[in-house]
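Work through these exercises with the model open beside you. Try each task before you read its solution.

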Amino acid sequence: MTWRDDETKAVFDLALEFFEREVVARNEQWDAQRHIDREVWHTAGKLGLLLCSIPDQYGGGGGTFAHDLAVLEAQGYSGDLSLGISVHSGIVAHYILEYGTEEQRATWLPPMATGKVLGAIGMSEPGAGSDLKAIRTTAVRDGDHYVVNGSKIFITNGSSAEVIVLAVKTDPQAGARGVSLVIVDLRDCPGFSVGRVLDKVGQHGADTSELSFTDVRVPVANLLGPQEGQGFAQMMAQLPQERLIIAAQACGALKRAVAETVRYTKQRQAFGNSLFDFQNTQFELAECHTIATTCSVFLDHCIDSHLRGELDPAEAAMVKYWLTDKQCEVIDRCVQLHGGYGYMREYLIARMYEDARPQRIYGGANEIMKTIIARSL
Ligand SMILES: Cc1cc2nc3c(=O)[nH]c(=O)nc-3n(C[C@H](O)[C@H](O)[C@H](O)COP(=O)(O)OP(=O)(O)OC[C@H]3O[C@@H](n4cnc5c(N)ncnc54)[C@H](O)[C@@H]3O)c2cc1C
């Protein structure tokens with residue numbers, strides 16, 4: 001069995017064309033305004049590129065997670081990492097599908113599939129990122145509502161989302177067992193405000209934001225999962241799949257960096273030859289191509305395991321850590337082969353260089369991945 005079949009290949013091609021035309025070609029506009037226009041999301045929805053693996057009864061594509069991963073690998077290959085489709089389709093929709101009631105699914109998934117509603121996930125806080133059980137946002141019961149107070153940071157789609165799956169403490173004394181997930185409707189939400197859209201090193205088109213919640217009233221019916229206190233376990237259960245998403249984006253970026261650099265070095269002349277004619281260039285690209293190929297094989301293995309329901313957390317941690325480390329290494333080597341042009345943002349490789357860096361940090365820092373791997377030894 002392999003996840004790379006004719007269908008996922010067709011999804012990849014469709015998605016690549018979408019990302020190149022709608023996102024990469026208009027990068028300067030997205031960078032300047034620090035978000036991507038909603039019309040781009042609507043186009044993605046019309047093409048069937050959102051919520052590919054959500055059942056069609058909820059407006060999704062009715063495919064498998066392989067279809068979502070094909071979209072995300074194509075995104076990496078296009079050189080874009082700003083459109084927050086990984087969080088929207090790959091993460092938020094799956095929390096709602098997996099842990100939501102029928103009513104929650106019917107409310108949120110169909111408009112998410114068209115791009116009418118955008119999703120965000122709010123875990124990280126100024127005082128708690130890797131150590132998620134230390135979050136301080138509280139949800140205190142008051143009749144049939146929770147009253148939510150706290151702040152979140154680094155939230156992808158933060159300034160544009162209409163819905164957020166929010167990690168809160170329903171029992172601050174209970175450590176990890178006191179964490180719950182609630183769905184917050186941000187459209188009419190007194191007490192909610194977006195702080196800064198953060199000034200990042202790369203991924204400039206993404207509206208990664210600070211969010212604040214002051215006495216926000218959330219119906220108890222918006223709890224995800226039948227009981228309070230399951231949020232930490234829910235997050236841990238979803239994280240392996242989220243790590244595959246990041247690895248798929250990394251894999252696309254690795255392959256594109258090599259292809260782009262082969263193309264560039266073959267046409268650039270120096271000392272009477274093309275750059276590609278130097279043995280150093282050939283050896284560098286031979287090594288980078290080998291790295292990209294072995295990464296792709298490992299990713300394929302992990303995706304196939306996941307589709308069989310057999311991907312374990314250690315393997316998911318390995319593929320996230322290894323591919324994102326290699327993404328940064330290979331892109332850095334490809335920048336070198338571009339010379340000064342590789343540091344100019346009008347060149348795709350320069351943008352890929354600045355966008356790649358946080359892949360080693362979010363979705364669980366790579367050091368956290370190594371602790372997970374070590375625990376399995
Ligand atoms: C562009 C971007 C988008 C993001 N999007 C989202 C989002 O949509 N939603 C969301 O909730 N969060 C999001 N994040 C936040 C991201 O998940 C956190 O930054 C990440 O989990 C690390 O948390 P931290 O930044 O608080 O770092 P810290 O927890 O302070 O850790 C800092 C560093 O310390 C080291 N470290 C920490 N713990 C250990 C350990 N146990 N062992 C060894 N070393 C360790 C690691 O090197 C780590 O990178 C995003 C971040 C970025 C940069």
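**Exercise 1.** At what angle do H5 and H6 pack, and how far apart are their axes?

*Solution.* Note before starting that this model is predicted.

Step 1. Take the angle. H5 and H6 pack at about 160°.

Step 2. Take the distance. The axes of H5 and H6 are 9 Å apart.

Step 3. Name the arrangement. Angles over 145 degrees count as roughly antiparallel. H5 and H6 are therefore roughly antiparallel to each other.

Step 4. H5 passes H6 in a left-handed crossing.

Step 5. List the contact. H5 brings His 88, Val 92, Ala 93, Ile 96, Leu 97, Glu 98 and Tyr 99. H6 brings Gln 104, Arg 105, Trp 108, Leu 109 and Met 112.

Step 6. Sort these residues by class. Eight are nonpolar, two polar and two charged.

**Exercise 2.** Describe how helix H9 (residues 313-338) and helix H10 (residues 348-356) pack.

*Solution.* 

Step 1. The angle between H9 and H10 is about 150°, and their axes lie 9 Å apart.

Step 2. Apply the cut-off of 145 degrees again. H9 and H10 are therefore roughly antiparallel to each other.

Step 3. The crossing of H9 past H10 is left-handed.

Step 4. From H9, the contact uses Gln 327, Cys 328, Ile 331, Asp 332, Cys 334, Val 335 and His 338. From H10, it uses Ile 349, Met 352, Tyr 353 and Ala 356.

Step 5. By class, the contact of H9 with H10 has eight nonpolar, two polar and one charged residues.

**Exercise 3.** How many cavities of 30 Å³ or more does a search of the whole structure find? Describe what lines them.

*Solution.* 

Step 1. The search finds two.

Step 2. Start with the largest cavity. About 60 Å³ of space lies in it. Its lining includes His 35, Trp 41, Leu 118, Asn 157 and Asp 207. The classes in this lining are five nonpolar, six polar and one charged.

Step 3. Go on to the second largest cavity. Its volume is about 50 Å³. Among its lining residues are Gln 327, Ile 331, Met 352 and Ala 356.

Step 4. Check the helices. H9 and H10 each supply at least two residues of the second largest cavity's lining. H10 gives the most, with three residues.

Step 5. The lining of the second largest cavity divides into five nonpolar, three polar and two charged residues.

**Exercise 4.** What is the volume of the largest pocket, and which element supplies the largest share of its lining?

*Solution.* 

Step 1. The volume is about 1,400 Å³.

Step 2. The lining of the largest pocket has 50 residues. Ser 124, Ile 361, Tyr 362, Gly 363 and Gly 364 lie nearest the centre.

Step 3. H5, S3, H7 and H11 each supply at least two lining residues. H7 holds the largest share, nine residues.

Step 4. By class, the lining of the largest pocket has 25 nonpolar, 16 polar and nine charged residues.

**Exercise 5.** Which residues lie nearest the centre of the second largest pocket?

*Solution.* 

Step 1. Find the space. The second largest pocket holds about 270 Å³.

Step 2. Of its 16 lining residues, Trp 108, Ile 183, Pro 219, Ala 221 and Asn 222 lie nearest the centre.

Step 3. Helix H6, strand S5 and strand S7 each give two or more residues to this lining.

Step 4. The lining of the second largest pocket has eight nonpolar, four polar and four charged residues.

Note on methods
Residues numbered from 1 in each chain as written. Predicted model: local features only at pLDDT ≥ 70, side-chain atom pairs only at ≥ 80, totals over all residues. Heavy atoms only, no water. Axes fitted to C-alpha atoms, helices over the stretch in contact; angles between N-to-C directions. Helix = DSSP H or I, 4+ residues; strand = E, 2+ residues; numbered from the N terminus. Parallel < 35°, antiparallel > 145°, perpendicular 65-115°, else oblique. Left-handed = near helix turned anticlockwise from the far one by under 90°. Contact = heavy atoms within 4.5 Å. Nonpolar A, V, L, I, M, F, W, Y, C, P; charged D, E, K, R; others polar. 1 Å grid on protein atoms, 1.4 Å probe; cavity = no way out; pocket = protein on both sides within 12 Å on 5 of 7 lines; lining within 4 Å. Points joined across faces, edges and corners; volume = space filled by probe spheres on them.
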